[in-house]
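Dear colleague,

I am handing over the structure below, and after it I set out what was found in it. Please read the notes with the model open beside them.

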Amino acid sequence: MTNLALRTGAINLGQGFPDVDGPHAIKEAAIRAIENGHNQYPPGTGIPVLREAVADHQRRHYGLDLDPDTEVLVTTGATEALAATILALAGPGDEVVTLEPFYDSHAACIALAGATHVRVPLHPTPDGFRLDPVQVRAAVGPRTRLILVNTPHNPTGTVLTRAELEVVADAARSVDAVVVTDEVYEHLVYDDAVHVPVATLPGMAERTITISSAGKTFSFTGWKIGWLHGPAHLVEAVRTVKQFLTYTSGSPFQPAIAQALADDEAPRALAASLAARRDLLCEGLVAAGFEVVVPRGTYFVVADGAPLGFEDGTELCRRLPALAGVVGVPVSAFCAASPGDEDLSGPTTAQALASRVRFTFVKREDVLREAVTRLAALR
Ligand SMILES: *Cc1c(COP(=O)(O)O)cnc(C)c1O
């Protein structure tokens, strides 16, 4: 869809990356780090100041108590943290449960590990996309090795509630599974939504790998500084895989992100500005005739083209540049292409969400205004 946007000159609300960089002071910190000789391999676990900054951040925000030497690992973005974790902890014969729709790399890494992907659907409701506790329990069984959750959730913008996460935690405990939680949008929550890290639930720190990243929080997606934390024996297993993926990366960016993590103001300001941009895009989509499920977090809103007569979101996305000069991504791209055992009793999630399209609002306000003006042509 990004290629389509480039080819047609349409406004790209498909790919979720900011069109404004993060704080200038953090850029300067990276430039200084290069000049001061941070240009060779950093330690495989990440530089100590960054691991300490991650531990401090988790204590300050969530009351989690981490040993930065044994329980924190710096990674090449959340992407590598996910890959190394799944490759370390799951293999052939194991089942990995995810939400559906899911972030594309979740499914890809499960396939790379040779594990079986089991999915739990998120259902659109007036109160966001929500989990059905019965379906969570049904997806988990004796072969479940990992339960991979993502909150705030890409692509739906849902912030899972404490009650929903308790259901996941109960299911994990019942079969002795590890929970892997992708929290890269932890600071990008709106209205009165609260981000609840799974590791803060009673008894869960000992069986949870928490993954986050500087990319989304500080608008430096190209720096690829991520991290994970969890109990030492699991982190050691993940580090052993990471050793042979990248070993290490981002030498000058690691001290800069350590500095960024000490300051809570930039993410707060970004969240406030994103909430306003979410409103602008959601109102524009509704005015154009879409139905939207208002997101409480992330960069994304899911809009339904069915009220406009588009039952197939993929077809709508292919035609949208010509119809309105805008690009989105069909939600079916975040769903399994073929049914699994869990789908036998009804439509697949790809079918249930066939008419839905994901749009990003992490673009400048003038870009969003122009997109909304163009989308109005659809009506
Ligand atoms: C962007 C994104 C990632 C990747 O993060 P990086 O730090 O850029 O590797 C992982 N998970 C989700 C849900 C994302 O949206």
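Predicted model: local features only at pLDDT ≥ 70, side-chain atom pairs only at ≥ 80, totals over all residues.

Residues are numbered from 1 along each chain as its sequence is written, and side-chain values use heavy atoms, with hydrogens and water left out.

As for the overall fold, the secondary structure of the protein comes to 14 helices and 15 strands, where helices (H or I, at least four residues) and strands (E, at least two) are DSSP runs numbered from the N terminus. The radius of gyration, taken over C-alpha atoms, is 20 Å, close to the 21 Å that the globule rule (2.2 Å times the number of residues to the power 0.38) gives for 379 residues, so the protein is as compact as a globular protein of that length. Its C-alpha trace spans about 55 × 50 × 35 Å along the principal axes. Of the 379 residues, 59% count as buried, a word that here means under 20% relative accessible area, with exposed meaning over 50% and partly exposed in between (1.4 Å probe, protein chains only).

Turning to charged pairs, side chains of opposite charge can pair when their charged atoms come close. The count comes to 20 salt bridges, each being a side-chain nitrogen of Lys or Arg within 4 Å of a carboxyl oxygen of Asp or Glu. One of them joins Arg 119 and Glu 100, whose closest N and O atoms are 2.8 Å apart; because Arg 119 lies in strand E4 (residues 116-121) and Glu 100 in strand E3 (residues 95-100), this pair ties together parts that are 19 residues apart in sequence. Both Arg 119 and Glu 100 are buried. By contrast, the salt bridge between Lys 27 and Asp 21 (3.0 Å, N to O) involves a partly exposed Lys 27, at 28% relative accessible area, and an exposed Asp 21, at 51%. Arg 364 and Asp 366 also form a salt bridge, with their closest N and O atoms 3.1 Å apart, and here Arg 364 is partly exposed at 37%, as is Asp 366 at 46%. Elsewhere, salt bridges that share partners join Asp 191, Asp 192, Arg 278, Asp 279 and Arg 296 into one network.

Two histidines may also be worth a look. His 153, in the loop between strand E7 (144-150) and helix H7 (162-174), counts as buried because its relative accessibility is 1%. The side chain of His 153 reaches the backbone oxygen of Pro 101 at 2.9 Å and makes a polar contact of 2.7 Å with the side chain of Thr 156. His 229, which lies in strand E10 (residues 225-229), is likewise buried, at 3% relative accessibility, and its side chain makes a polar contact of 2.9 Å with that of Gln 58.

On the surface, finally, Leu 87, Leu 112 and Leu 245 form a nonpolar patch with about 280 Å² of accessible area together. Patches are made of residues with over 30% relative accessible area and no salt bridge, like charges being joined within 9 Å and nonpolar side chains (Val, Leu, Ile, Met, Phe, Trp, Tyr) within 5 Å. Of these residues, Leu 245 is found in the loop between helix H9 (232-242) and helix H10 (253-261) and is partly exposed, with a relative accessible area of 42%.

Technical notes
Areas by Shrake-Rupley, 256 points an atom, 1.4 Å probe, with all protein chains shown as cover. Polar contact = N/O pair within 3.5 Å; in protein donor to acceptor, adjacent residues only side chain to side chain.
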